[in-house]
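Colleague: I would like to learn how to read this model. Walk me through a few features, please.

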Amino acid sequence: MLKHLGRGVLWTAMFAAIGTATIVDARAQASDLQSANAGTTVTGDKGRKLLALMVQALGGDAWINRRDWVIEGHGASFYKGAPNPYVSTWEEFHREAPFGDRIELISKIGVFIPTTKRDVVQVWTPDNGYEVTYRGKKELPKDIVEDFQRRRAHSVEAVVTQWLKEPGVEVVYGGTTTVDRQLADKVTVLSAKNDAVTLELDQTTHLPLSRTFEFRNETYKDHDVDVETYGNYHTMDGLMTALTITRYRNGDMVNQRFYTKVTSNKSLAPVLFDPDKALVKK
């Protein structure tokens, strides 16, 4: 269990529980979705129209053209379906271009007068991830970096702003399904590189309820399935935002995140995304 791990491993596990809301560059217009690489089949057209409705439901061009945002929340990790005995509170700073992500783990020290401390931070650059403390930076383990990059490349935002613009992409409508007892439309986007992302959209609101992709497990030489489900949508800064995000690996719950506040277009300082800037003790 986590309570038997060293401090550094414990922080890494907590950050993994946060899951990181990864977003990629988003500069296209929502109206481009129906025309970009438009297919000629009825199936393809229906899938693209549903994705266009999803974007409009999330906030349209305002959702696509966000420059940066800040997320406050808490979360926990799970092992074999059982929660680990820690809940992490954190604040995440995200920048679109150039890509940058920063997660600050928040802890409270003291019994009678709790003091908020942020002495461990993760900083993500376009090609790597780092743990930053008062002593400086160190690279995160390779498997954690690969997992982060993989989820970033298969995010809902990546599908909208990158996948649909690639040559040879196919969009397939997979019919009706259910997600947490909600009727959903299933849409799969297939790339020319034989990669795929499946989105399940609420039939009434068209908001995404889940995102699924498979990838090859290099250790066991088989395929793993990564699923995220989205729920408890509320309007945050004019955009529809899922406040509960649950992630599964091969059917087992891995982590769950709960957002309490999301703000957009804050003109975040570049220094936040510089891993060479060590934390300063207060």
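**Reading the fold**

Modeller: Val197 sits in strand 10. Helices (H or I, at least four residues) and strands (E, at least two) are DSSP runs, numbered from the N terminus. The model is predicted: local features need pLDDT of at least 70, side-chain atom pairs count only at pLDDT 80 or more, and totals for chains, interfaces and linings use all residues. Residues are numbered from 1 along each chain as its sequence is written, and side-chain values use heavy atoms, with hydrogens and water left out.

Colleague: Is Val197 buried or exposed?

Modeller: Buried means under 20% relative accessible area, exposed over 50%, partly exposed in between (1.4 Å probe, protein chains only). Val197 has 1% relative accessibility, so Val197 is buried. Across the chain, buried residues make up 51% of the 282 residues.

Colleague: Which residues does Val197 touch, not counting residues up to four places away in sequence?

Modeller: Contact means heavy atoms within 4.5 Å. The residues that Val197 touches include His154, Trp163, Val189 and Phe213. Take Trp163: 34 residues from Val197 in sequence, 9.4 Å away C-alpha to C-alpha.

Colleague: How do I read a nonpolar core?

Modeller: In soluble globular proteins, nonpolar side chains tend to be buried together. A nonpolar core is a set of buried Ala, Val, Leu, Ile, Met, Phe, Trp, Tyr and Cys residues joined through side-chain atoms within 4.5 Å. Here the largest has 42 residues, and Leu51, Met54, Trp63, Val189 and Leu199 have the most contacts inside it. Helix 2 (residues 42–58) gives the most to this core, with 5 residues.

Colleague: And salt bridges: how many does the structure hold?

Modeller: A salt bridge is a side-chain nitrogen of Lys or Arg within 4 Å of a carboxyl oxygen of Asp or Glu. The structure holds 14. In one of them, Asp276 pairs with Lys137, with the closest N and O atoms 2.9 Å apart. Asp276 is in the segment after strand 14 (252–264) and Lys137 in strand 7 (residues 136–139), so the pair ties together parts 139 residues apart in sequence. Asp276 is exposed, at 56%. Lys137 is partly exposed, at 40%.

Colleague: Which residue forms a salt bridge with Glu228?

Modeller: Arg257, with the closest N and O atoms 3.0 Å apart. Glu228 is in strand 12 and Arg257 in strand 14, 29 residues apart. Glu228 is buried at 9%, and Arg257 is buried at 2%.
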